[in-house]
Amino acid sequence: MRKLDVRGKAGRARVWRRAALASLVLLDLGVWQPVLARIQNSVTPEAAATHASTGRILPQDLHAITRGHGPYTLFIFWDPNCLYCHLLYEKIARDTYAQRRLTIHWVPVGIIKTSSLGKAAAVIAGGWPALQKDERGFHLHAESGAIAPSRDRSALREARANTKALAALMVRHDQRAIATPTLWDPQTHWLRLGTPPSIAILIQSLERSRVIRRDAHK
């Protein structure tokens, strides 16, 4: 297997472009490809230490925007500047079946750009209208959400807490890097990185995880 030069920004960009192209091919084939996410820096012990005292990521501790009343709970960790998070948002927004079957908790994090944390804070402070503003005005070429970053200290603390919780979750699931979007069902400990090929496949995967957990407890 040929090693790729990942030194410097140019090298990392080449690796990312190749991974993304490969992911898009697999997506067309209906394969859930974890590479179809924005992979970030390695998880640091400092980030993971946020929840080290309890050893658990508690859903009620996350600062999320909740939509839907479906039977399947899904937490989506997303960055306002994440292209693949935007594509997932659009998939869900167009799918009425998803809106009936899912209760989605959108958890804003800041990991991709220097503006990401401030934008995550703006979404936390502004709720669902702010999230919609960010996604509806998303700039595809620049990979940039439309909302302006917030300097609100309380919202920034909450955005940092979300980001650290994501890092801790990656450690707990033996992931070596942070990626967005990250999809998580805390009831079954089901976790996936990236954009699913379809909402139907996403819901099937959630259903399967519940069946497996139920059978394991019989």
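Biologist: What makes strand S6 (residues 182–185) and S7 count as a pair?

Modeller: They are joined by 4 bridges and run antiparallel. Two strands pair if DSSP finds at least two bridges between them, so 4 bridges qualify. Strands are DSSP runs of E with at least two residues, helices are runs of H or I with at least four, and both are numbered from the N terminus. In the hairpin of S6 and S7, 4 residues lie between the strands, and His189 takes a positive phi near 65°.

Biologist: What are these values based on?

Modeller: The model is predicted; local features need pLDDT of at least 70, side-chain atom pairs count only at pLDDT 80 or more, and totals for chains, interfaces and linings use all residues. Residues are numbered from 1 along each chain as its sequence is written, and side-chain values use heavy atoms, leaving out hydrogens and water.

Biologist: Why are strand S2 (65–67) and strand S7 (190–193) said to stand at the edges?

Modeller: The open sheet has 5 strands in the order S2-S4-S3-S6-S7, with mixed pairing. S2 and S7 each have a single partner strand, so one side of each is left without a neighbour in the sheet. Neighbouring strands are turned by 20° against each other on average, direction ignored.

Biologist: Why is the pair of Trp78 and Trp106 called edge-to-face?

Modeller: Rings of Phe, Tyr and Trp (its six-membered ring) pair if their centres lie within 6.5 Å; planes under 30 degrees apart count as stacked, over 60 as edge-to-face and the rest as tilted. Here the centres are 6.3 Å apart and the planes stand at 90°, so the pair is edge-to-face. Trp78 is in strand S3 and Trp106 in strand S4, 28 residues apart.

Biologist: Are Trp78 and Trp106 buried or exposed?

Modeller: Trp78 and Trp106 are both buried, the term for under 20% relative accessible area, with exposed over 50% and partly exposed in between (1.4 Å probe, protein chains only).

Biologist: What makes a set of residues a nonpolar core?

Modeller: The members are buried Ala, Val, Leu, Ile, Met, Phe, Trp, Tyr and Cys residues joined through side-chain atoms within 4.5 Å. The largest core has 44 residues, and Ile76, Phe77, Leu102, Trp106, Leu131 and Leu202 touch the most other members. The largest share of this core, 6 residues, comes from S3. A second, separate core of 6 residues includes Ala121, Ala155, Leu156 and Ala159.

Notes
Axes fitted to C-alpha atoms, helices over the stretch in contact; angles between N-to-C directions.
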